[in-house]
Amino acid sequence: MSAYIQLIENIEKVAVAKSASDIHIEPQEDNGYKIRLRIDGRLRELKQNDLLNPEHGKYFFGAIKQRYGFDVGKLGHDQDSRFTNNDLNFDFRCSLIPCSNRKPRLEKICIRLLPRGKNFDLNLINFPVSTALAHIKQA
């Protein structure tokens with residue numbers, strides 16, 4: 001297993017342990033990447049890792065695209081994918097978004113973490129089911 005895949009798996013483990021709802025991986029001007037977790041509605045940056053320095057940025061991002069099933073050769077287009085991590089018992093919904101028209105093309109990824117086997121309860125976010133159904137009927 002490559003060091004980049006291990007790093008990605010560690011990021012997933014940290015995100016699950018911290019009860020993050022999203023992982024955001026965004027390019028920086030120096031070709032490195034910023035990694036942030038959405039925890040309780042706020043984005044919090046993870047500490048930088050040696051593998052995220054500018055020399056390794058494109059390899060790291062390529063490994064991310066492979067792991068989550070994105071078309072590695074397709075640049076400048078939105079892509080969506082799904083990935084299941086059975087070890088963590090989580091599903092990931094992934095979106096890749098181009099964020100620059102300059103060369104080389106820059107892309108960012110947002111990964112939604114969804115625990116497997118758990119039903120989503122709208123009441124937990126103070127959104128009663130009756131209100132949700134009313135909005136659905138209006139749509």
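Residues are numbered from 1 along each chain as its sequence is written, and side-chain values use heavy atoms, with hydrogens and water left out. Because the model is predicted, local features need pLDDT of at least 70 and side-chain atom pairs count only at pLDDT 80 or more, while totals for chains, interfaces and linings use all residues.

Helices (H or I, at least four residues) and strands (E, at least two) are DSSP runs numbered from the N terminus. Six of the six residues of S1 are buried, so the strand is largely enclosed by the rest of the structure; buried means under 20% relative accessible area, exposed over 50%, and partly exposed in between (1.4 Å probe, protein chains only). In a regular strand, side chains alternate between the two faces of the sheet. In S1, both faces are covered, with Asp22, His24 and Glu26 buried on one side and Ile23, Ile25 and Pro27 buried on the other.

Two strands are taken to pair if DSSP finds at least two bridges between them. S1 pairs with S2 in the antiparallel sense over six bridges, and Ile23 stands opposite Leu37 of S2. S1 also runs antiparallel to S6, to which four bridges join it. The bridge partner of Ile23 in S6 is Ile111.

The structure holds seven salt bridges, each defined as a side-chain nitrogen of Lys or Arg within 4 Å of a carboxyl oxygen of Asp or Glu. In one of them, the side chains of Arg112 and Asp22 meet at 2.4 Å, N to O. Arg112 belongs to S6 and Asp22 to S1, so this pair ties together parts that are 90 residues apart in sequence. Arg112 is partly exposed at 41% relative accessibility, whereas Asp22 is buried at 3%.

A salt bridge also joins Arg36 and Glu26, whose closest N and O atoms are 2.8 Å apart. This pair links S2, which holds Arg36, to S1, which holds Glu26, across 10 residues. Glu26 is buried, at 15% relative accessibility. For Arg116 and Asp91, the closest N and O atoms of the salt bridge are 3.4 Å apart. Arg116 is in the loop between S6 and H3 and Asp91 is in strand S5, 25 residues apart. Arg116 is partly exposed at 34%, and Asp91 is buried at 16%.

H2 is followed by Gly69, which has a positive phi near 80°.

No disulfides, defined as pairs of cysteine sulfur atoms within 2.5 Å, are present. Cys94 is in no disulfide, and the nearest cysteine sulfur, that of Cys110, lies 8.8 Å away. Cys94 is buried at 2% relative accessibility, whereas Cys99 is partly exposed at 36%.

At the surface, Ile136 is exposed, with a relative accessible area of 60%, and lies in helix H3 (residues 129-138).
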